[in-house]
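Biologist: I have just opened this one and would like a walk through it. Could you take me around?

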Amino acid sequence: MDLIEKVQNGERLSYEEGVKLYDLDLFTLGKLANAIRTQKHGKKTYFNVNRHINPTNICDDVCKFCAYSAGRKNPNPYTMSIDEIVETAVKAVDNGADELHIVSAHNGSAGLQWYLDMFRSVRQALPKTHIKALTAAEIEFLSRTYDKSFEQILDTMIENGVDSMPGGGAEIFDEKVREYICKGKVSSADWLRIHKLWHERGKKSNATMLFGHVESREHRIDHMLRLRKLQDETGGFNCFIPLVYQTQNNYLNVKEFLTGQEILKTVAISRILLDNIPNLKAYWVTFTMNLATIAQEFGANDLDGTIEKESISAAAGAKSANGTPLSSFVNLIKNSGFTPVQRDSLYNEIKTF
Ligand code: V47
C-alpha cells in the first residue's frame, strides 16, 4: 500500500515511513494532516489565558541554544523572591489567567526549599489556579543537586500544589545531538522516565521538540516516535509542541532560520505520526503569529495562550516579551476561519467565541 493511502486509512507509520513523509509536497502533507485534525477537533482551535513566570535565570547547566540563562551573553542575573512570585501570580489571576506556567533556569544556590515554598505559597494564595511547573530537566537537576530520587521530587511537587508538568527540556532525544547542544542536562532516557513516573501518579504533561538547529529530519522522526512509544504505555501526554529554534544571543551559531515550508511540514508530520497524542500546539511565540495561524490548516489545533510575559524565546529573538491580548488572539483565530475555544490546562472547554 502506498504511504498516502496508509495515512488516509489511519494506519500507524514506521520510522522509515515517517522519514519518507518529508518527501511528500507540502500541500499533500497539509491535506493529510488537516483531515486528521478535522476528524479529531473539527474547526476548533484551543487556547488558554495563561501567565508565564520564570523565577530565576541563574543556571548551572550550559545549553548552547539558550539565550535566557544569565551567562556570558545575558549579564542580568535575577532570582525573584517568593513574595514577588506570589504577587505576580495573583495579579495575573486578577487579570483573568487560570494557568500559571512556572519554569526557571537550573539555579543551584536557590535551594530546594525555595522551589517548594514558591509552589506552596502560590497554591495558598490561589487555591483554584492550575499550576503547570517544572520541566523534566529541572526535576532531574533538583534530583541531582539535592540528592533526592525523581520519585521524591515528583511527590513533593504534588504535595506542594503542582498540577501538571510542561513539556520543556526535551530538545532532541538523539544522544549525539543532545551531547552537542546541551551536554550535561537531563538525558533523553531520564526525560522520558520522569514523565512516565509523573503519568503513573495520575498526572498529565506536555512534550516539546526543539527543531531547526543542527538536527536532521531523521532526528525529528526519532524524537516523535520515542514520545509515541511512551504515550502508548501511559496516555499521559496532553499535547505535543514543536518549538522552532530562535537564532539570536546564543552559542549554537546557527544563523539560518528554518523556512516556513519546513516548519509546516514538520507540524503536519507530527500530526500524522503522533496518532495517540490528542493535541498539537503551534506555539505562536516561536512560530510567529502569522505562521501559527497557517499551521491550523496543517494539523495544529492549539495556539498556546495569551502568556502576558515571556522571557525564554524572547531572549533568543522571538517577538513574545509581552504576550498577546485576548481580543487579538480570538480575532486572529476567527478571521482565519477557525473557532476559538478557550480551554483550561487539561483541555476542558471554558468558552467558545
Ligand atoms: O525546553 C530554549 C526552548 C523551552 C530556545 O508545555 C528555545 O505547554 C527556541 O518548553 N529557541 C521552554 N526555543 C519552553 C517550553 C514550553 C513553551 C510553551 C508551552 C509549553 C507547554 C512548553 O524553550 C526549552 C527549550 O527547548 N528554548 N532556547 C531558543 N533559542
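**Strands, cores and rings**

Modeller: Let me begin with strand β5 (residues 205-211), which pairs with β6 in the parallel sense over seven bridges. Please keep in mind throughout that this is a predicted model.

Biologist: Okay, and which residue stands opposite Pro 242 in β6?

Modeller: That is Met 209, which stands opposite Pro 242. Between the two strands the chain passes through helix α10 (residues 217-234), going from β5 to β6, and this β-α-β crossover is right-handed.

Biologist: How many of the residues of β6 are buried?

Modeller: Eight of the eight residues in strand β6 (residues 237-244) are buried, so the strand is described as mostly covered.

Biologist: Switching topic: which residues touch the most other members in the largest nonpolar core?

Modeller: They are Leu 21 and Trp 191, in a core of 110 residues. Leaving out residues up to four places away in sequence, Leu 21 touches Leu 3, Val 7, Leu 13, Leu 29, Ile 269, Ile 272 and Leu 273. Apart from that core lies another, of five residues, among them Ala 67, Tyr 68, Ala 105 and Ala 315.

Biologist: What tends to happen to nonpolar side chains in general?

Modeller: In soluble globular proteins, such side chains tend to be buried together.

Biologist: Let me go to the open sheet. In what order do its strands come?

Modeller: The order is β8-β1-β9-β10, four strands with mixed pairing. β8 (302-305) and β10 (349-352) are the edge strands, each having a single partner, so one side of each is left without a neighbour in the sheet. From one strand to the next, the twist averages 30°.

Biologist: How do β1 and β8 pair?

Modeller: Strand β1 (residues 44-48) pairs with β8 in the parallel sense over two bridges, and Tyr 46 stands opposite Asp 302 in β8.

Biologist: Which helix lies across β1, β8 and β9?

Modeller: That is helix α15 (residues 326-335), which lies across β1, β8 and β9 (339-343) and runs at about 165° to β1.

Biologist: Now the aromatics. How many aromatic pairs are there?

Modeller: The count comes to six aromatic pairs. In one of them, Tyr 46 and Tyr 347 have ring centres 5.8 Å apart and planes at 85°, and because an angle over 60 degrees counts as edge-to-face, that is what the pair is called.

Biologist: Where do Tyr 46 and Tyr 347 lie?

Modeller: Tyr 46 lies in strand β1, whereas Tyr 347 lies in the loop between β9 and β10, so the pair ties together parts that are 301 residues apart in sequence. Because buried means under 20% relative accessible area, Tyr 46 counts as buried at 8%, and Tyr 347 is buried with 13%.

Biologist: What about Phe 47 and Phe 353, what kind of pair do they form?

Modeller: Phe 47 and Phe 353 form a tilted aromatic pair, 5.9 Å centre to centre with 40° between the planes. Phe 47 lies in strand β1 and Phe 353 in the segment after β10, so this pair ties together parts that are 306 residues apart in sequence.

Biologist: Last topic, the backbone: what is the phi of Asn 253?

Modeller: Asn 253 has a positive phi of about 60° although it is not a glycine. Asn 253 is found in the loop between β6 and α11, and it is exposed, with a relative accessible area of 61%.

Biologist: And Ile 307, is that one buried or exposed?

Modeller: Ile 307 is buried, with a relative accessible area of 0%. Ile 307 is found in the loop between β8 and α14 (312-315), and it has a positive phi of about 65° although it is not a glycine.

Conventions:
Residues are numbered from 1 along each chain as its sequence is written. This is a predicted model: local features need pLDDT of at least 70, side-chain atom pairs count only at pLDDT 80 or more; totals for chains, interfaces and linings use all residues. Side-chain values use heavy atoms; hydrogens and water are left out. A nonpolar core is a set of buried Ala, Val, Leu, Ile, Met, Phe, Trp, Tyr and Cys residues joined through side-chain atoms within 4.5 Å. Buried means under 20% relative accessible area, exposed over 50%, partly exposed in between (1.4 Å probe, protein chains only). Contact means heavy atoms within 4.5 Å. Two strands pair if DSSP finds at least two bridges between them. Axes are lines fitted to C-alpha atoms, for helices over the stretch in contact, and angles run from 0 to 180 degrees between N-to-C directions. A crossover is right-handed if, with the strands pointing away from the viewer, the path from the first strand over the helix to the second runs clockwise. Rings of Phe, Tyr and Trp (its six-membered ring) pair if their centres lie within 6.5 Å; planes under 30 degrees apart count as stacked, over 60 as edge-to-face and the rest as tilted.
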